[in-house]
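Notebook open, structure loaded. I want to jot down what I look up as I go.

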Amino acid sequence: MVFEPPKRLVRALGETAPDGDDWLEKLPEAAQQAVALRELTVERVQVPGGRSSLVVLVRTADGTPAVLKLAPGRARPEAERAALAHWGGRGAVQLLEPFTAEGVLLLERLHPDVSVRSLPEAKALLEAAGTLRRLWVEPPADFPFETVAERTGRQAEAMRARAQADPEVAPLVGLALAAREELLAAPPEHRLLHGTFRQSKVLSGERMPWLAVGPDPVVGECAFDLARLVRDRVEDLIAQASGAATTRRRVKRLAESLDVDQERLRGWTLFRAVESGVRAGRVGRPRDAELLLEFASWL
């Protein structure tokens with residue numbers, strides 16, 4: 001089988017490595033080797049798939065449905081492996097091979113085309129929040145993960161540079177950076193976080209109704225993790241005349257349901273929305289940038 005990467009993956013990797021790299025060139029051969037080494041039977045490449053990895057639906061030698069995932073180093077697959085191992089299937093997809101080749105994960109098969117986004121919005125938020133709660137555990141003693149301060153520190157530098165080049169975004173960037181500084185001054189807890197949690201990252205499973213996939217793990221306060229969920233279905237929010245009020249109610253409802261400080265959740269939602277909007281503008285996705293920055297202005 002020829003392992004052709006989905007267009008979505010090619011486009012997304014082009015944004016993170018605009019000068020190109022050789023990972024995509026080597027991907028078909030790497031996938032063939034990973035399949036042969038494990039004696040897997042390939043069913044299909046998942047399309048449209050993710051933005052940072054090739055996902056292949058396979059069966060193991062004994063017929064067990066599984067997922068083979070290959071990701072470049074900049075997507076931090078070894079951190080994903082470590083987080084999944086630490087969770088041990090509690091709230092998240094299970095590893096079928098704890099220790100394998102770098103950049104290759106063999107995972108429990110969920111239902112790849114059924115996420116909580118298929119549910120009505122209120123139910124989807126409830127199920128997603130319940131899944132997220134199970135992931136918030138103490139990190140390993142010598143955890144190999146970034147902290148929220150480290151990750152957002154890199155992002156803050158890129159935001160400052162963008163604000164200097166584009167004065168229109170400077171006011172929102174200033175608010176977001178001020179919120180970050182205040183939030184980092186006294187974090188209420190340090191937990192292992194999913195890092196990129198949203199409704200599309202919660203898939204239907206057999207072992208449990210809903211399980212999280214695709215973490216980019218980070219250690220920090222729970223409000224940081226919940227912030228990305230606040231803006232789920234942002235296109236629908238923007239299209240509503242009551243979008244701003246709906247967003248504020250969502251912040252309140254999610255904060256109360258997961259026992260997270262509402263103002264801290266609002267602050268991290270602001271920072272993460274502005275950071276995503278600025279990044280979208282930088283890599284040539286102006287429509288996404290416009291939506292995200294309008295959403296951020298409501299906070």
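My notes cover some strand pairing first, then a group of aromatic rings.

Entry 1, strands. I'm working with a predicted model here. I started at strand 3, residues 65-70, and checked burial: five of its six residues are buried, so the strand is largely enclosed by the rest of the structure. Next I looked up its partners. Strand 2 (residues 54-59) pairs with strand 3 in the antiparallel sense, over six bridges. I found R59 standing opposite P65 of strand 3. These two strands make a hairpin with five residues between them, and G63 in the turn has a positive phi of about 90 degrees.

Entry 2, the other partner. Strand 4 (residues 104-108) also runs antiparallel to strand 3, with five bridges. For V67 I looked up the bridge partner in strand 4, and got L107.

I count four aromatic pairs in the structure. One of them is F224 with W268: centres 5.2 Å apart, planes at 85 degrees, which is over the 60 needed, so I log the pair as edge-to-face. It links distant parts of the chain, with F224 in helix 7 (residues 222-230) and W268 in helix 10 (residues 262-282), 44 residues apart.

W268 also pairs with F271; their centres are 5.8 Å apart and the planes sit at 90 degrees, so that pair is edge-to-face too. W268 and F271 are three residues apart in helix 10, so about one helical turn separates them.

Ring pairs join F224, W268 and F271 into a cluster. Buried or exposed, I wondered about F224? F224 is buried, at 2% relative accessibility. W268 is buried at 0%, and F271 is buried at 0%.

Terms used:
Residues are numbered from 1 along each chain as its sequence is written. This is a predicted model: local features need pLDDT of at least 70, side-chain atom pairs count only at pLDDT 80 or more; totals for chains, interfaces and linings use all residues. Side-chain values use heavy atoms; hydrogens and water are left out. Buried means under 20% relative accessible area, exposed over 50%, partly exposed in between (1.4 Å probe, protein chains only). Helices (H or I, at least four residues) and strands (E, at least two) are DSSP runs, numbered from the N terminus. Two strands pair if DSSP finds at least two bridges between them. Rings of Phe, Tyr and Trp (its six-membered ring) pair if their centres lie within 6.5 Å; planes under 30 degrees apart count as stacked, over 60 as edge-to-face and the rest as tilted.
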